Amino acid sequence: MSPKLQLRVIVTVLFVLGLGFAAYKNLLLGFPLNPGEQEQVWTVQAQVQMRTTGEPTRVKLNMPDMTKSLYVVDQGSAPRGFGFHVETSGTDRLGVWESRGPMGDVRLIYSARIYKGGGLPPKRPEPEGLPVPPTFDSVGADAADELLEEAYRYSADAVGFALRLSDTIMHAKEDANVRTLLGEVSTNKLRAEMIVSLLRAAEIPAHTLRGFTLGQSKRAMDLETLVELWDGDNWVVIDPRTRVAGMPAQFLPWQSGDEFLYEVEGARNSKLSFSVIEDQISARSLAIQSARNNGSSALYLSVFSLPVDVQNTFAVLLLIPIGALVVVVLRNLVGLQTSGTFMPILIALVFTQTELITGLMLFVTIVGVGLVIRGYLSSLNLLLVPRIAAVLIVVICLYLAMSVIGFRLGLEAALSVTFFPMIIIAWTIERMSVLAEEEGMRDVLMQGGGSLFTAVIAYLVMTNNQVAYLTFAFPELLLVVLAVILMIGQYTGFRLSELRRFEPLSGVK
Amino acid sequence: MLRWASPFALRRAGIVGMNRRNVELIAQNNPRALYPLVDDKLKTKELARKHGLASPKLIGVVRQTGQIRQLAAFLKDHPKFVIKPAQGSGGKGILVISGREGDAYLKPSGAVVAFEEVARHINNTLSGLFSLGGKNDVAMIEEMIEFDPVFDGYTFEGVPDIRVIVYKGFPVMAMTRLSTASSDGKANLHQGAVGVGLDIATGKAMRAVQYDRPVEQHPDTGADLSQIAVPKWAELMELAAHCQSASGLGYMGVDVVLDRVAGPQVLELNARPGLAIQVANGRGMFPRIKAVDDLIAADEDLPSDAVWRANWAMENLAVL
């Protein structure tokens, strides 16, 4: 195979591999292509506090259910001395902590990450037979009858009936019948339970549904009570307070019907409290999370499997090929001259830390002053290595001077001068200075300007959110970058600058 | 005003761009291992001697500081000489001595130079002051060229040389580079030297450019550039063609100077010659490259001697 053909094969393979793997991650694993989408997530904690006395202790906690709009990822954890496991019975999920003989105050925490969308709600079985009707005293029975009759008149089906009933019970507090049934003071929970009783009295299977609405971060969440009823075909949730049918989008059900919320054996003074932390995370980490939960092997071999600090290093490293691509394009396709092949990338990396304008000004100042001093050194006829060493020391003195003077003048930005790698700066000064002597200032300005321009373009590309995100989440796209660079490597056409340079010859046949 | 050519027009004109030069001419024809032969002038000199290429004669080489002490005695029989660093770049560190005044030396400008100054110059050369990357170097002492008067009035200070591009042993394009005040006496086109394209068949001037734009007269001396005609052209072409067989480089620049008596002399070889020669010639190099490739592809038993190649090039390439 000729080298040209080999190169084509390699380029094709790289393209297919890079794009293919990226497409696989995007389409099948759900890695989004865009970093911009911020998603709301919540961390919900249920905390059981209790005093143990040395007896074997068992704590059971009802765990939250998924809904169609909420996805729950358990992160149950056990303190020392406790075992933790999850029991399922029917649609119930129970977190169980057990310990042989704990002493003293114990705090058990169940926490869960809640993501929006894509939940798998437990499938509730159809009710068996008619519900057991509640028993009212004679006064209560009359009141109940009147309420039922009135609701029946103003509704067409079971859901409408329940909503009408809710309306009366939750809001018409002056209603005599309501007062008869519930008394003067009542809580929402009691009202909801009354609605369930009345529904059952009307032979509609129903139960309460307790949980809370996820919103802003809050310690000590209060449980809310909804009503779930059987409309003949399905279980339907209604919110008696808002009188809306259907599960509220951000409601996290924790306990339904006759399930217990939690149960403690072998300890005293137990208390349960809930807290919610709201969080914004980028869609990227969301995809990673769900890929992790699905046990995806693609993740196993990805950047995300590394420790976070190493990930951060790679977030920078993975940008360097993009800078290299910019340099290749500007040098070989545009025909810009730069001083040192990849010096512009290093300068661009510095700009990411200093901000562009500050960085540019610092760079020009340092190199400019450095060139003047280096010009003087050259008249001393020094040998190369001592000369560069001298320039290096001059550069460090300049750093110091700029930082101190800048700080005194209140220019904090001057402090970031130390981000510039001084060896690179020293070499740049040396090379520019030799260039000035051998080829003249014109070449220095051209190469220096070319380098800075390249650095600025590289900076703009490298700091682009989308680019930074894609290189990090889809490192396989590096293969595509490699393929493009290889393609440019065999490009024998004209550079943009040559269209101008050889313009006088274009008229020739 | 900026004017741009379309890439298609440039391709039609047969222009070779930088990318094509690097990929197709240099990378495919010049094995890296041969570069030291041309980057180190002492090796080039050795090569020239071995292959009988006309070149300024080497009088001696100073390799160590200790040898400087014997230098005064050694130079007694050589009133005229040139000291250059073997790995110098851009004409740096060249000291020309054109005569004596008692024990002191004379520069062509008439300035008097004491022996101590010559010794210090050599010392600086040895310690790498003039060499690329500051490597330690050696100082070469060569015979001084007596320049042919043909270029009198055409240069400002500097040395007029003739650059010939040799492709696979065939001289394909030539120009002479004339230093100017704005090029600071240097013969580098992009610094403002005048480039005069020479007819590959005759050595006569065709077109002159400065800063890539046409000029008629030398900007400093006012001499009419179109009157330049390089003498002993056939000899010069043969010398250039011969350099390929000697060095093995498939695409090279041969820098030649004209000695009044000895004729064309190879001064330097270049493994990465630039493309400005196309502008000086007012035409692209590609048709000529292609003609050479076609010739080689068509006939495997081409005569191998440089004279034949030089003649073929002079007869066939000028019209392209």
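**View 1. What lines the second largest pocket of this predicted model.** By class, the lining splits into 9 nonpolar, 4 polar and 7 charged residues (Ala, Val, Leu, Ile, Met, Phe, Trp, Tyr, Cys and Pro are nonpolar; Asp, Glu, Lys and Arg charged; the others, Gly among them, polar). The pocket's volume comes to about 550 Å³. A pocket here is an open set of points on a 1 Å grid over the protein atoms alone, where a 1.4 Å probe fits, with protein on both sides within 12 Å along at least five of seven lines; lining residues have an atom within 4 Å of a point. The volume is the space filled by probe spheres set on the points, which are joined across faces, edges and corners.

**View 2. The strand β9(A) at the pocket.** It gives the largest share of the lining, 3 residues (strands are DSSP E runs of at least two residues, helices H or I runs of at least four, numbered from the N terminus).

**View 3. Chain B against chain A.** The contact (heavy atoms within 4.5 Å) takes in 44 residues of chain B and 29 residues of chain A.

**View 4. A salt bridge between A:R501 and B:D212.** Their closest N and O atoms sit 4.0 Å apart, and the interface has 2 salt bridges by the rule (a Lys or Arg side-chain nitrogen within 4 Å of an Asp or Glu carboxyl oxygen).

Local features need pLDDT of at least 70 and side-chain atom pairs 80 or more, while totals for chains, interfaces and linings use all residues. Residues count from 1 along each chain as its sequence is written, chains are lettered from A and ligands numbered from 1 in the order written, and side-chain values use heavy atoms, leaving out hydrogens and water.
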